[in-house]
Amino acid sequence: MRKNKKVVLDVLYVFLKIIFIISLLYIIIYIFQIGKTKNDLNLIQKIMIRKDTYEENNLNRTNNTNYENNNEYYKIKNFKEIQKINSDIIAWIEIKNSKINYPVLKSQNNDFYLKKNYNKEYDYNGSIFMDYRCNLDKLNSNLIIYGHNNGNGLMFDELLKYNNKEFYNTHREIELITNNNVETYEIISVFKSRVFNENEKNVFRYYNYIEFKDEKDFFTYINNVKLQSLYDINYEVNEESKLITLSTCEYSNKNGRFVIVAIKK
């Protein structure tokens, strides 16, 4: 009897030891992955702030650029360099004085960059990516951009700070840089939602509003966005307005989402 008990305890000890080692390995890999993600992002973020001193002096001297200022010129110039890394990089998104400062990728579906970085390598943190149904050049459209909220300060984690209106008051604008333009969007709504089941009726599926069929369709979206906003924001829109929607996970509900909607200035 004692011998059997000892065998059971030995087996349990070995089992718990294996669980501990596996858990420890998982934590080490997770920490390593966060470090690698930050390092990879730091490398590409440095490209976006590059300035060539000679060229900048030449621009100042000749004042011969079509862009508003030299800063805008370099943003577009540097973004074009970044696109050489991966042609799936279609834009760069930034919210000033926040951690959101990332390349935006787009694939043939919404799954590819869920667990891949901008080099198409496996990354638990994934990438910031645009809904594959979106058309970046369409004027009366809604660009939906997704990113993970893993609780480690990366990707769209910081969007949840918009729960606090004071954060919104100091972070009202979103900048989107493409290979030919720098666009500024002003936030018009912050709300919580979720991914609804197909059989649920009379619900607002914000993620299906991409190209508006007509004026009625556009204002149906706008009215729902205003109705669900966590706080009142005054703004003016028309059916030709271009919108951007940022979406990330929110865990107070099953399949919950935290959503920011902004309009092009």
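The buried set consists of Asp217, Phe218, Tyr221, Ile222 and Val225. These residues lie on the same side of α5 because the arc they cover around the axis is only 135°. The model described here is a predicted one.

Helix α5 comprises 14 residues, and the distance from its first C-alpha to its last is 20 Å, close to the 20 Å expected at 1.5 Å a residue. Its buried residues pack against β4, β6, β7 and β8.

## The barrel

The sheet is a closed barrel of 8 strands, arranged in the order β1-β2-β3-β4-β7-β8-β6-β5, with mixed pairing. On average, neighbouring strands of this sheet are turned by 30° against each other, direction ignored.

Between β1 (residues 89–94) and β5 (residues 173–177), the pairing is antiparallel and extends over 3 bridges. Within this pair, glutamate 94 of β1 stands opposite glutamate 175 in β5.

## Strand β8 and its partners

Strand β8 is mostly covered, with 7 of its 9 residues buried. Its pairing with β6 is antiparallel over 9 bridges, and lysine 192 stands opposite phenylalanine 258 in β8.

Strand β8 also pairs with β7 in the antiparallel sense, over 7 bridges. Here isoleucine 244 has alanine 262 of β8 as its bridge partner. Strands β7 and β8 form a hairpin with 6 residues between them, and asparagine 255 in the turn has a positive phi of about 60°.

## Helices against the sheet

Helix α3 (residues 70–83) lies across β1, β5 and β6 (182–194), and runs at about 135° to β1. Helix α5 (residues 215–228) also packs on the sheet, where it touches β4 (142–146), β6, β7 (243–249) and β8 (256–264). The direction of α5 makes about 65° with that of β6.

## The nonpolar core

In soluble globular proteins, nonpolar side chains tend to be buried together. The largest nonpolar core of this model has 67 residues, of which Ile93, Ile145, Tyr162, Tyr221 and Leu246 touch the most other members. Tyr221 is also one of the buried residues of α5.

Which residues are in contact with leucine 246, leaving aside its neighbours within four places in sequence? They are Ile93, Ile95, Ile145, Phe156, Leu159, Ile174, Phe258, Val259 and Ile260. Among these contacts, Ile93 and Ile145 are themselves listed with Leu246 as touching the most other core members. Phe258, another contact of leucine 246, is the β8 residue that stands opposite lysine 192.

Most residues other than glycine have a negative phi. Lysine 120 is located in the loop between β2 (101–105) and β3 (128–130). Its relative accessible area is 42%, so lysine 120 is classed as partly exposed.

Asparagine 202, in the loop between β6 and α5, likewise has a positive phi, near 55°. Is asparagine 202 buried or exposed? With a relative accessible area of 85%, asparagine 202 is exposed.

Key. Residues numbered from 1 in each chain as written. Predicted model: local features only at pLDDT ≥ 70, side-chain atom pairs only at ≥ 80, totals over all residues. Heavy atoms only, no water. Pairing = 2+ DSSP bridges. Helix = DSSP H or I, 4+ residues; strand = E, 2+ residues; numbered from the N terminus. Axes fitted to C-alpha atoms, helices over the stretch in contact; angles between N-to-C directions. Contact = heavy atoms within 4.5 Å. Buried < 20%, exposed > 50% of the residue type's maximum accessible area, 1.4 Å probe, protein only. Core = buried A, V, L, I, M, F, W, Y, C linked by side-chain atoms within 4.5 Å. Expected span 1.5 Å × (residues − 1). Arc of directions from axis to C-beta.
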